[in-house]
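Me: I have not looked at this structure before. Could you take me through it in short questions and answers?

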Amino acid sequence: GEPGFHQGFRRRLYPRYRVDLSDSSEVGWCSVSPDHGMAFPFAVLFDFGGTLDADGVAWKERFFRLWCEEAGVIAPARFAPVFYAADNAVVGAVSPTLTLRETVDRIAQGVARGMGVSDPALAERIAKRFLEEALDRLRASALLLSQLSRRYRLGVVSNFYGNLSAVCAETGLSPFLTDMVDSACVGCVKPEPRIFQAGLAG
């Protein structure tokens, strides 16, 4: 169980301070106990892509690795603008109920088109591998969030496509989350302070 001073801390209100957490989370909010001079987070906001669905590797880097493995090695500088174009084409242009699989499929197809590849099987293989890796990590993240949610208020703040809530529900994360903030839905992106404030306002 928690030490006795944690229990006392939870029953009292102390000043709040913003704290930066590790790379695996975006931001936390703490209360500070004057009796012990220690800060205890009561809320933690996570990113989705590259954090809950991977160990600190962004979507672009993962798609790039899979493209090189499936289609042949290319320079990162050639791949980057193609990926960003495919990614941007999805932002705000999808149904709020679009699944993670469908989201990944759209980006993989956009990348293939941007690279001038007409073979649909290539995009399918890349999307399938990306999704399998992401779902494996998301299962582990759901277990972690289930434990953290017993002690902290949790949320996800993500530069996403307009379907973050549906994706969190689909992947089993939403039961442990108080807030899910999708940049495409709130009209601002990280690192703007407003998007984090939205994650803490619910």
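This is a predicted model: local features need pLDDT of at least 70, side-chain atom pairs count only at pLDDT 80 or more; totals for chains, interfaces and linings use all residues.

Me: Of the 202 residues of the protein chain, what percentage count as buried?
Reply: A residue counts as buried when its relative accessible area is under 20%. The accessible surface of the protein chain comes to about 10400 Å², and carbon and sulfur atoms hold 54% of that surface. Of the 202 residues, the share that counts as buried is 43%.

Me: What share of the contacts with a separation of 6 or more is made by residues 24 or more positions apart?
Reply: A contact here means heavy atoms within 4.5 Å. Among contacts in the protein chain with a separation of 6 or more, those between residues 24 or more positions apart make up 58%.

Me: How are α3 and α4 oriented to each other?
Reply: Helix α3 covers residues 59-71 and helix α4 covers residues 76-90; their axes come within 10 Å and cross at roughly 120 degrees. Angles from 65 to 115 degrees would count as roughly perpendicular and those over 145 as roughly antiparallel. The crossing of α3 and α4 is right-handed. The two helices are therefore oblique to each other.

Me: Which residues of α4 meet α3, and how many residues of the contact are charged?
Reply: From α3, the residues taking part are W59, K60, F63, F64 and W67, and they meet P76, F79, A80, F83 and Y84 in α4. By class, the contact of α3 with α4 has 9 nonpolar residues, no polar ones and, as for charged residues, 1.

Me: What is the orientation of α3 to α5?
Reply: Helix α5 spans residues 100-114, and the axes of α3 and α5 come within 12 Å, crossing at roughly 60 degrees. Because of that angle, α3 counts as oblique to α5. The crossing of α3 and α5 is, in hand, right-handed, and the orientation is oblique.

Me: Which residues of α3 meet α5?
Reply: On the α5 side the contact has L100, T103, V104, I107, A108, V111 and A112. The residues of the contact fall into 9 nonpolar, 1 polar and no charged. On the α3 side they are W59, F63 and W67.

Me: How far apart are the axes of α5 and α6, and which residues of α6 make the contact?
Reply: The two helices pack at an angle of about 140 degrees, with axes 9 Å apart. That angle makes α5 oblique to α6. From α5 come L100, R101, V104, D105, A108, Q109 and A112, and from α6 come A123, A127, F130, L131, L135 and L138.

Me: Is S141 buried or exposed?
Reply: S141 sits in helix α6, residues 120-148. Beyond its neighbours within four places in sequence, S141 is in contact with T51, L52 and L173. Its relative accessibility is 3%, so S141 counts as buried.

Me: Where is S174, and what does S174 count as at 22% relative accessibility?
Reply: S174 is in the loop between α7 (164-170) and β5 (179-182). Leaving aside neighbours within four places in sequence, S174 is in contact with C168, A169 and M180. The cut-off for buried is under 20% and for exposed over 50%. At 22% relative accessibility, S174 therefore counts as partly exposed.

Me: What kind of peptide bond joins K190 and P191?
Reply: K190 lies in the loop between α8 and α9, and P191 is placed in the loop between α8 (183-186) and α9 (193-201). Most peptide bonds are trans. Here omega is about 15 degrees, and the bond joining K190 and P191 is cis.

Me: What separates the C-alpha atoms of K190 and D47?
Reply: K190 has 15% relative accessibility and so counts as buried. K190 and D47 are 143 residues apart along the chain, and the separation of their C-alpha atoms is 9.9 Å.

Technical notes
Residues are numbered from 1 along each chain as its sequence is written. Side-chain values use heavy atoms; hydrogens and water are left out. Helices (H or I, at least four residues) and strands (E, at least two) are DSSP runs, numbered from the N terminus. Buried means under 20% relative accessible area, exposed over 50%, partly exposed in between (1.4 Å probe, protein chains only). Axes are lines fitted to C-alpha atoms, for helices over the stretch in contact, and angles run from 0 to 180 degrees between N-to-C directions. Angles under 35 degrees count as roughly parallel, over 145 as roughly antiparallel, 65 to 115 as roughly perpendicular and the rest as oblique. A crossing is left-handed if the near helix is turned anticlockwise from the far one by less than a right angle, and right-handed if clockwise. Ala, Val, Leu, Ile, Met, Phe, Trp, Tyr, Cys and Pro count as nonpolar, Asp, Glu, Lys and Arg as charged, and the others, Gly among them, as polar. Accessible areas come from the Shrake-Rupley method with a 1.4 Å probe; for residues, only the protein chains shown count as cover.
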